[in-house]
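Dear colleague,

I am handing over the structure below, and I would be glad if you could look through it before reading my notes.

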Amino acid sequence: MTEPSIIIRASSWAALFDCSYKWEGIHLLGMKNVVGLRAALGTAIHAGSAVFDQARITGDTVTAVDAAGVMVDKLHDPENEFDHGKDDITMKEAESTGIALLTKYCTEVSPNYNFIAVEMETKPLDIDCGDGVIVRLKGTMDRARIKKTTGGVGIADLKSGSASVQKGVAVTKGHGAQIGTYELLYQHTTGEQITSDAEIIGLKTKGKAEIGFGNISNAMEIMVGNENSPGLIELAAHMFKTGKFYPNPKSMLCGEKYCPRWSSCHFREM
C-alpha cells in the first residue's frame with residue numbers, strides 16, 4: 001500500500017466544505033479548538049448511547065440507567081476539556097438534560113432499530129489526488145450506526161445540539177457529505193452495498209428533551225458525483241494537491257466559539 005501524504009478522519013470530511021481554511025487549521029496545522037459544555041454534553045450522550053446500543057447487538061444487559069452513568073462519567077472526565085465561557089448551561093443542567101435525552105433514546109428510540117454495528121471501524125480508503133499526493137480516509141464512523149431494514153442496509157447517524165431538531169424533525173442539512181463518506185467507507189470495508197436511505201437521529205440538547213428523525217437519500221453521490229457533475233472527492237483532491245484551503249466567512253460556524261483560527265483570520269467579517 002502506498003504511503004499517504006495526508007491522513008484524515010472520515011468524520012471531518014463535511015467540515016472541509018464548510019470552511020476549508022478552518023479545517024486546515026484544526027486537522028493539518030494542529031490548532032486546538034476548545035468546545036463549550038453543550039458540545040461536551042453531546043459527546044457524553046453519544047458515549048452512553050453507544051454503550052447501550054452495542055449491548056443490544058451483543059446481547060449483554062445494559063439499562064438506560066447504566067447508560068446514563070456512562071454519560072455522567074464522560075461529562076466529568078478530566079480529559080473532556082471545555083470552556084465554561086462558551087455556553088449558557090451549567091454542569092447540573094447538562095447532567096439533567098443528558099439523562100432525560102438518553103433515557104428517552106434508550107427506552108423509546110433504540111428498540112425500534114435493528115443495529116448491526118455501532119461506530120464501526122473502517123478500512124482505510126486512499127484517494128489519489130494527482131502529483132503524488134495521496135489522501136487516506138480512516139477512522140470510525142463516529143456516532144453512526146449501521147441499521148438493517150426491509151430496504152436493506154443503511155446508516156443511522158446521531159446528531160446532538162441545541163438546534164438539531166426543528167419543528168419536531170431532525171435537521172439533515174449539512175450532513176450529506178459525512179453520511180456519503182460513511183456509506184462509501186462501509187461499502188469499501190465490507191463489500192456490501194448500501195441500499196437503504198440514511199437517517200439522522202437528532203437529539204436536542206436545549207429546552208425540552210426532544211428527539212427527531214430525518215432521511216437523506218443518495219448521499220454517496222454527493223461524494224463521487226455523477227455523469228453531469230463532479231463529487232466532493234474530486235473537488236477536495238484539488239485542494240489537497242494545491243495546498244489551497246479556502247475560507248468561508250459566511251459559515252454559520254465562523255466565530256471564536258467554534259474556530260481556533262478565528263482571532264488571526266483576516267477573512268472573517270467584523
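Predicted model: local features only at pLDDT ≥ 70, side-chain atom pairs only at ≥ 80, totals over all residues.

Residues are numbered from 1 along each chain as its sequence is written, and side-chain values use heavy atoms, with hydrogens and water left out.

The secondary structure of the protein chain comes to 8 helices and 10 strands, taken as DSSP runs (H or I of at least four residues for helices, E of at least two for strands) and numbered from the N terminus. Of its 270 residues, 47% count as buried, meaning under 20% relative accessible area, whereas exposed means over 50% (1.4 Å probe, protein chains only).

Three strands form an open sheet in the order S1-S4-S3, with mixed pairing, where two strands pair if DSSP finds at least two bridges between them. Strand S1 (6-9) and strand S3 (125-130) stand at the edges with a single partner strand each, so one side of each is left without a neighbour in the sheet. S3 runs antiparallel to strand S4 (residues 133-138) and is joined to S4 by 5 bridges; Ile-127, for instance, has Val-135 in S4 as its bridge partner.

Turning to the surface, Met-252 is found in the segment after helix H8 (232-242), and Met-252 is exposed, with a relative accessible area of 77%.

Best regards
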